Amino acid sequence: MSPLDMSPDLDPRDRGGEQQPLLIVRDLRRHFPIKGAGGRAVKAVDGVSFDVRKGEILGVVGESGCGKSTLARLLLHLIRPDAGELVFDGDQVDAPRGITVAALRRQAQMVFQDSYSSLNPRMPVRDSVAFGPFVQGEPKAKAREIARDMLAKVGLNPDQFGPRYPHELSGGQKQRVNVARALATNPRMVILDEPVSALDKSVEAQVLNLLRALKRQFNLTYVFISHDMNVVRYISDRVLVMYLGKIVELGPVDEIFSHPRHPYTRALLASRPSMDPARRMEEPPVTGDPPNPIDPPSGCRFRTRCAYSEPLCATSEPALSAMGGGHIAACHMLDPASGHSAAGAMS
Amino acid sequence: MSQTVVFPGSAVSPHEDQAAPETRIRSYWQSVGYRLRHDKATVFFGTMVLLIVLSAVLAPWLAPFDPYKESIIGRLKPMGWRGHLLGTDELGRDMLSRLLYGGRVSLLMGIVPVIFATCAGGALGVIAGFMGGKVNTGIMRTMDVFYAFPSVLLAVAISGAMGGGMSNGMLALTLVFIPPMCRVAETATTQVRALDFIEAARATGAGTMTIVRHHVLGNVLGPVFIYASSLVSVSILLASGLSFLGLGVRPPTADWGLMLSTLRQSIYVVPVVCALPGVAIFITSICFNLVSDGLRQAMDVRM
């Protein structure tokens, strides 16, 4: 049986069963040291823990520079983490008794934001798609066959588009090729780093629908990174909100959008342009730029832009507290014992 | 997002992209070839280069006289004297034959160092560019040391230190060309390395060598090739200069630079004949230069 027409329920690679998260991320950390800054570093991802459940789409949102893309690359070890661990389907990655990074990359793939620079300009797109299977040990002819098959699956006629070069394709077509390339090695998890941000709205919708259909067809798990709240709401099962390298809120998509707990999430939601003139902004929108991730604010990192900031927020860092239904958020106002004047009022 | 349509059960969504017009698909090199063929100047000078190379290769059959046959009475004769179409030099040797044979040495000195420098400098540049960090610093700063000297001075110094002769001259020229070639390759590689498709290739689990072979070399080859073709004329000039200074080919070997050097005392006797080697150098290097320019234009496809 070809791995491409495998039935969704019978993945022989599933080791832990349905309850075992596909990916467990624990205290992942990556700081980029700055040259000549006396050991100071950009704290791109600063202690992030979450699970990715089997078969779900986990949306990751946040402003530019909050560490989303670094997180994506850390999940595939394209950037080495400074600390923390990844557990893929029960096996720790890059650990003595776990699986190797190469083994992880056989089961997880990535789609990049820039559809242009993520394809080799001197390679026909079918060769770009065939490269993954070829590298992972398929003979050339078989790799080409997989590439043809995958191009057809993403809605591109392999005879017509396969021999073309990236500059001969539109943005949407290139992103389809990128999806085909990511799926050609038959992964279980795909990390999508802003896959539709560079596309215009109509093409964006097509690619999102394609991603949904492919997820069903191949029983995939997505980590979907975006800065667009609407896109995340459309596609995700759960949403993770990041701010300056940390998780501020995580929960089921409906919960996050109907009952956002963290002031940052509220502000993000409020800053969406509304189509309804009767619906006015009720929350104060986030203004200004995020603080410099080299020297993030003490205590709660959001306090410099938060309307509810109090002296307490500068001295102690709020922990992620559970609010039931798998919804967690990190804010002093959610913890009655924190001493914040609004504590308990929000929950 | 409310207006989006979901296509259930199928990954293939019908959309207007499918209706893209049927066009003939050319590979990169095919389109470069097409552009070259339709560039009249490049075709003309390319033909010239071909003729020059052919005349050098076929020198033994084309030369009307033995280039080393001296004649006491037939020294420094003007063009056309007793069948010597381009006259004779200070030892009575036939100029046309010597120019044909001299082309062999000059072209060899022009092309061989460039090939060696392209291989060595290109490899160093790709390594420096792809590895980055300390490796890059080590290689590129070493190259900068060579950069500090003017290329002519460096060539003279190296071949002066190692002694004259053709192979030493070639070695000197190779060493002179490695640093700039290395820099061109390093720049191109660094640019390519930062692109996402390299990261995507790493995400499939490909090793460094596989990535370099499949994804880097193809993108670095263009700029390196263009630069190498422009170096050929420089190399011919430098080689002639070395021979002129007595650091390159030894007499009595026919070589344009050397001929220019030995004939310069006779410039007032037969000025036209004495200028001939210089004319040959000039035409050859200009032809190579213009072909290189044409190549640069043809290969500068914004992709």
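The structure on display is a predicted model, and the predictor gives the complex an ipTM of 0.82 and a pTM of 0.80.

**First stop: chain A as a whole**

Chain A contains 11 helices and 12 strands. Turned along its principal axes, the C-alpha trace of chain A spans about 65 × 55 × 45 Å. A compact globule with 347 residues would have a radius of gyration near 20 Å, and chain A agrees with this, having 21 Å.

Next, colour chain A by pLDDT. The average for chain A is 86, and 93% of the residues score at least 70. Among the elements of chain A, strand S3 (residues 57-61) has the highest mean pLDDT, at 94, while strand S11 (residues 321-322) has the lowest, at 86. Then select residues 1-8 of chain A, where pLDDT stays under 50. For residues 1-8 of chain A, the model has 7 contacts beyond four places in sequence.

Where they touch, domain 1 of chain A contributes 13 residues and domain 2 of chain A contributes 10 residues.

Which elements of domain 1 of chain A each supply at least two residues of the side that touches domain 2 of chain A? Select strand S2 (41-52) and helix H8 (229-235) of chain A to see them. S2(A) gives the most to this side of domain 1 of chain A, with 4 residues. Coloured by class, the side of domain 1 of chain A that touches domain 2 of chain A shows 8 nonpolar, 2 polar and 3 charged residues.

Bring chain B back into view. Here 43 residues of chain A are in contact with 30 residues of chain B. On the side of chain A that touches chain B, at least two residues each are supplied by helix H2 (101-107), strand S6 (108-111), helix H3 (125-135), helix H6 (171-183), helix H7 (201-218) and H8 of chain A. H7(A) gives the most to this side, with 9 residues. By class, the side of chain A that touches chain B has 18 nonpolar, 17 polar and 8 charged residues.

Chain B has 11 helices and 0 strands; from the N terminus on, its elements run α-α-α-α-α-α-α-α-α-α-α. Along its principal axes, the C-alpha trace of chain B spans about 100 × 45 × 25 Å. The radius of gyration of chain B is 26 Å, but a compact globule of 303 residues would have one near 19 Å.

With chain B coloured by pLDDT, the average is 82, and 90% of the residues score at least 70. Select residues 1-22 of chain B: the pLDDT is below 50 over this stretch, which has 30 contacts in the model beyond near neighbours in sequence.

Select helix H4 (residues 95-131) and helix H5 (residues 133-147) of chain B. Their axes come within 7 Å and cross at roughly 145 degrees. Is the crossing of H4(B) and H5(B) left-handed or right-handed? The crossing is left-handed. Show side chains for Leu124(B), Ile127(B), Ala128(B), Gly129(B) and Met131(B) in H4(B), which meet Gly133(B), Val135(B), Asn136(B), Ile139(B) and Met140(B) in H5(B). This contact of H4(B) with H5(B) has 7 nonpolar, 3 polar and no charged residues.

On H4(B), the residues that make the contact include Ser106(B), Met109(B), Val114(B), Gly122(B) and Phe130(B). On H9(B), they include Val212(B), Val220(B), Ala228(B), Leu231(B) and Ser240(B). The residues of the contact of H4(B) with H9(B) divide into 15 nonpolar, 6 polar and no charged.

How values were computed. Residues numbered from 1 in each chain as written. Chains lettered and ligands numbered in written order. Predicted model: local features only at pLDDT ≥ 70, side-chain atom pairs only at ≥ 80, totals over all residues. Axes fitted to C-alpha atoms, helices over the stretch in contact; angles between N-to-C directions. Left-handed = near helix turned anticlockwise from the far one by under 90°. Contact = placed C-beta atoms within 7 Å. Nonpolar A, V, L, I, M, F, W, Y, C, P; charged D, E, K, R; others polar. pLDDT = per-residue confidence, 0-100. Rg over C-alpha atoms; globule rule 2.2 N^0.38 Å.
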